[in-house]
Amino acid sequence: MEKCRIVMSGSGGQGVITASVILAEAAVLYEGLIAVQSQAYGPEARGGAARSDVIISDSEINFPKVTQPNVLVCLTQLAYNKFVPMIRPGGLLLTDTRYVKTERKADARQIELPMYTQIMETIGNPVVLNICMLGALIRLQKIVKPESIMKVLETRLPANFMQMNQQALELGISLGESALQ
Amino acid sequence: MKNDIKFVQGNEACVEAALYAGLDFFAGYPITPSTEIAEHMAVRLPQIGGKFLQMEDEIASLCAIIGASLTGNKVMTATSGPGFSLMQEALGYAIMAEIPCVIVNVQRGGPSTGLPTHASQGDINQARWGTHGDHGIIALTASSHQDLFDITIEAFNLAETYRTPVLLMLDEIIGHMRERLFVPKPGKIPLVSRLKTSVKQGVDYHPYLPREDGRLPMSDFGGVHRYNVTGLFHDMWGFPTDNPQIVHGLLRHLLDKINNNVHLIAKYKEYFLEDATTILVSYGSSARSALHLVKNRRNRGERLGLLELQTLWPFPYGIIREKCAHARHVIVVEMNMGQIVREVKIAVEDPEKVFLANRIDGGFITPTDIRNIIRLIQGKGV
């Protein structure tokens, strides 16, 4: 597979870092891939523009940071403004319609999805926005299978949270699907 | 999830390795970017019957593990720059009293409280000369989680073999980054256990009387033998002395036991050195950027190679001299103002071919940073 360089960004507390760890862990533990994840540890981890870098590949990864992502996820306006200039031409830019107004025309596949709105309408709990985002992402770009994400969630979550997360993942996948049509 | 494969931070890999090595006791004071070591240790160590203590500061942390080691335990503490500064006095004590222990320094930017959440390799010389007086020291590092696992175990093995503190000089990038780790089955990696005295109870035990091979068998403090431990120069009983012959002998012993065994202690990795005209010398996370660049430029036909040091102290002068003999340029890649480059200049025959490629702003040095510096050195301009 081509090296997938992902930057996930948003506000501290939205779960972008957790989502990136889940994605990378799914790739390593259940798909036999190689992944490296790192994140900004400054005050932005608690508000501001939180950022997590993930590289997923089938061969060894040396430099662990992402300088030019071919996948960029922005869940806030602040994160979008800050990180959109770094996207690799032709890359995938995924944003949430409620939080981000895309202003500039980046040379990228711009996908804007109403993830937050749909989550609030169907599940009513914003805590699973990051899982919904992961669902959309893996539908838009073949990185890992949904089952692998679910397996990671099973090791991390209490049983009574599983159904809500599965619902969020499936909602994300169908949102991703709708963007492809 | 398969139990033997993990996706973890470097700090957690260090914890798993310490447990594999037989760690019994950890005392520490959490500090970024080493905090996850204490955090995971607090959970994992009691699960296997060990003891975790959070101390009031780093001075107490090192003193606690020194005491615990003397009673027969494998011990470790973890900190970052500010805490490492506080530990220097007790570090000297452990060197003088010859007490095996492992001290992890997950480096951040300094001096002082510096840059807690950013990358630096600024404590390399402090590791060598931070504590006062002539002394030998072992300091190791690693650039990937798998290497970190092996090197952490090696740190425990060297601490026991040479009865000395061993420093594990990690950095923020390695500590916080997550990647794959295979945990080998118990027994796969050889462990060195404590060399204990065969002297029976009621028979005189000389704690500081070396055997013919230079090693000093230990007796668990508080056990069957009574003996003295001090930071003063001491005789074979452990009691203070200023007898010049004994002072000279002890200081020589402390230096020689490490410096005469560089060939056994020194670990390194090499990439594409055979025909390299430009050799990068690097260690820790910087070596990842260097290797990225080397592989990248090799694809374009540039004769670039990498020598990655895993043992920083005692410095492997001989290995550097041999490996860099035919290179036109030797470029040391590190995130400080040039702490290892100085030693490399001493090691090679023509120091004017040695250059520094560094970054000191808290940012992680990138392959592009290194490439630009190489071009400048080669007279090509960025």
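**Figure 1. The loop around Glu98(B) in the predicted model.** Glu98(B) sits in the loop that runs between helix 5 (88-97) and strand 5 (101-107) of chain B; like everything shown here, this view comes from a predicted model. Although Glu98(B) is not a glycine, its phi is positive, about 55 degrees. Is Glu98(B) buried or exposed? It has 20 C-beta neighbours inside 10 Å, and therefore counts as buried.

**Figure 2. Phe272(B), with a positive phi in another loop.** Here we visit the loop between strand 9 and strand 10 of chain B, where Phe272(B) lies. Phe272(B) is a residue other than glycine, and its phi is positive, near 55 degrees. Because 18 C-beta neighbours fall inside 10 Å, Phe272(B) counts as partly exposed.

Figure 3. Strands of a sheet pair through backbone hydrogen bonds, either parallel or antiparallel. In which sense do strand 10 (residues 278-282) and strand 13 (residues 329-334) of chain B pair? They run in the parallel sense, joined over five bridges. To find your place, look for Thr278(B), whose bridge partner in strand 13 of chain B is His329(B).

**Figure 4. Strand 2 of chain B, buried on both faces.** In a regular strand the side chains alternate between the two faces of the sheet. Strand 2 (residues 25-28) of chain B lets you see this: Phe25(B) and Ala27(B) point one way, while Phe26(B) and Gly28(B) point the other way, and all are buried. Strand 2 pairs with strand 3 (residues 51-54) of chain B in the parallel sense, over four bridges. Across this pairing, Phe26(B) stands opposite Phe52(B) in strand 3 of chain B.

Figure 5. Helix 1 (residues 10-20) of chain B is mostly covered, with ten of its eleven residues buried. Among the buried residues are Cys14(B), Val15(B), Leu19(B) and Tyr20(B), together with Asn11(B) and Glu12(B). Just after this helix comes Gly22(B), which takes a positive phi of about 95 degrees.

**Figure 6. Two cis peptide bonds in chain B.** Thr32(B) and Pro33(B) are joined by a cis peptide bond with omega about 0 degrees. Pro33(B) belongs to the loop between strand 2 and helix 2 (35-47) of chain B. The peptide bond from Trp313(B) to Pro314(B) is also cis, with omega near -5 degrees. Look for Pro314(B) in the loop between strand 12 (311-313) and helix 12 (317-323) of chain B.

**Figure 7. Where the two domains of chain B meet.** Chain B is divided into domain 1 (5-182) and domain 2 (269-377), and their C-alpha centres lie 26 Å apart. The contact draws 26 residues from domain 1 and 19 residues from domain 2 of chain B. Several elements give two or more residues to the domain 1 side, including helix 6 (124-129), helix 7 (145-162) and strand 7 (165-171) of chain B. Which element gives the largest share? Helix 6 of chain B does, with four residues. That side of domain 1 divides into 14 nonpolar, nine polar and three charged residues.

**Figure 8. Two crossing helices in chain A.** The axes of helix 1 and helix 5 (residues 146-156) of chain A come within 9 Å and cross at roughly 105 degrees. These two helices of chain A are therefore roughly perpendicular to each other. Residues of helix 1 of chain A in this meeting include Ile22(A), Ala26(A) and Tyr30(A), and those of helix 5 of chain A include Ile149(A), Val152(A) and Leu153(A). By class, the contact has six nonpolar, one polar and three charged residues.

Key
Residues numbered from 1 in each chain as written. Chains lettered and ligands numbered in written order. Predicted model: local features only at pLDDT ≥ 70, side-chain atom pairs only at ≥ 80, totals over all residues. Pairing = 2+ DSSP bridges. Axes fitted to C-alpha atoms, helices over the stretch in contact; angles between N-to-C directions. Parallel < 35°, antiparallel > 145°, perpendicular 65-115°, else oblique. Contact = placed C-beta atoms within 7 Å. Nonpolar A, V, L, I, M, F, W, Y, C, P; charged D, E, K, R; others polar. Domains from an automatic or database assignment. Buried ≥ 20, exposed ≤ 12 C-beta atoms within 10 Å, placed from the backbone.
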